[in-house]
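Please read them alongside the sequence and coordinates.

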Amino acid sequence: MDLSFILYLIAVIFVLVGIAGIILPALPGVPLVFVGLLLAAWADGFAHVGWPTLVILGVLTALSLLVDVLSTVVGAQRVGASRKALWGTFIGSIVGLFFMPVGLFAGPLLGALLGEYWHTRELGRSTKVGLATWLGILLGLALKLAVVIAMLGLFAFAWFL
């Protein structure tokens with residue numbers, strides 16, 4: 001079996017797992033997509049996709065990590081979420097993995113709500129914080145998906161150009 005075929009196969013696996021990682025918070029989605037694309041370029045000897053394209057893909061990867069963190073924090077901070085609410089979001093995201101697929105969405109929301117309720121003992125405020133944090137997570141997910149689509153499009157454009 002040809003080594004380049006094996007490298008392309010591993011690259012495709014990285015990209016597919018990375019795409020799944022956009023939704024699953026336990027996987028670093030966009031960085032895995034980047035590693036897959038880098039591996040595919042390397043398997044080709046960088047004949048189709050060169051370093052300038054890979055640098056742009058690397059910058060997009062770094063920006064996606066920043067967007068991921070900021071979207072959740074900004075969503076929570078806009079409504080004055082406490083530190084307990086942010087911890088609740090994190091813990092709820094992890095616990096939600098065990099109750100897929102509903103847990104992926106309900107976990108962070110309930111975690112933020114319970115964390116804020118623990119802090120303030122105000123159900124209305126806690127609900128507002130939970131929803132704002134959850135919307136921030138959804139915004140981050142949408143932005144990461146857009147970045148991955150842009151990365152795949154740029155890679156394909158460079159490959160076939």
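1. A residue is termed buried under 20% relative accessible area, exposed over 50%, and partly exposed in between (1.4 Å probe, protein chains only). On that basis, buried residues make up 38% of the 161 residues in the protein. The model is predicted: local features need pLDDT of at least 70, side-chain atom pairs count only at pLDDT 80 or more, and totals for chains, interfaces and linings use all residues. Residues are numbered from 1 along each chain as its sequence is written, and side-chain values use heavy atoms, with hydrogens and water left out.

2. Secondary structure is assigned from DSSP runs, with helices (H or I) of at least four residues and strands (E) of at least two, numbered from the N terminus. The protein has six helices and zero strands, giving the pattern α-α-α-α-α-α along the sequence. Along the principal axes, its C-alpha atoms fill a box of roughly 60 × 30 × 20 Å.

3. A contact means heavy atoms within 4.5 Å. Of the contacts between residues at least 6 apart in sequence, 65% join residues at least 24 apart. The accessible surface (Shrake-Rupley method, 1.4 Å probe; for residues, only the protein chains shown count as cover) comes to about 9200 Å², of which 79% belongs to carbon and sulfur atoms.

4. For the charges, Lys and Arg count as positive and Asp and Glu as negative, while His and the chain ends are not counted. Each charge is placed at NZ of Lys, CZ of Arg, CG of Asp or CD of Glu. The mean positions of the 7 positive and 5 negative charges are 21 Å apart.

5. Rings of Phe, Tyr and Trp (its six-membered ring) pair if their centres lie within 6.5 Å; planes under 30 degrees apart are stacked, over 60 edge-to-face, and the rest tilted. The count under this rule is four aromatic pairs. One of them joins Tyr8 and Trp159 edge-to-face, at 6.3 Å centre to centre and 75° between the planes. This pair links distant parts of the chain, since Tyr8 lies in helix H1 (residues 3-23) and Trp159 in helix H6 (residues 123-160), 151 residues apart. Ring pairs also bring Phe155 into a cluster with Tyr8 and Trp159. Tyr8 is partly exposed, at 27% relative accessibility.

6. A charge sits over a ring if NZ of Lys or CZ of Arg is within 6 Å of the ring centre and within 35 degrees of the ring normal. The charged end of Lys84 sits over the ring of Trp118, 4.4 Å from its centre.

7. How is Lys144 placed, buried or exposed? Lys144 belongs to helix H6 and is buried because its relative accessible area is 13%. Leaving aside residues up to four places away in sequence, Lys144 touches Ile22, Val30, Ser64 and Asp68.

8. Gly96, in helix H4 (residues 83-96), is buried at 3% relative accessible area. With residues up to four places away in sequence not counted, Gly96 touches Gly103, Leu104 and Gly107.

9. Phe46, in the loop between helix H2 (29-43) and helix H3 (51-77), has phi near 60°, a positive value in a residue other than glycine. Arg121, in the loop between helix H5 (102-120) and H6, likewise has a positive phi of about 60° although it is not a glycine. Phe46 is partly exposed at 23% relative accessibility, whereas Arg121 is exposed at 54%.
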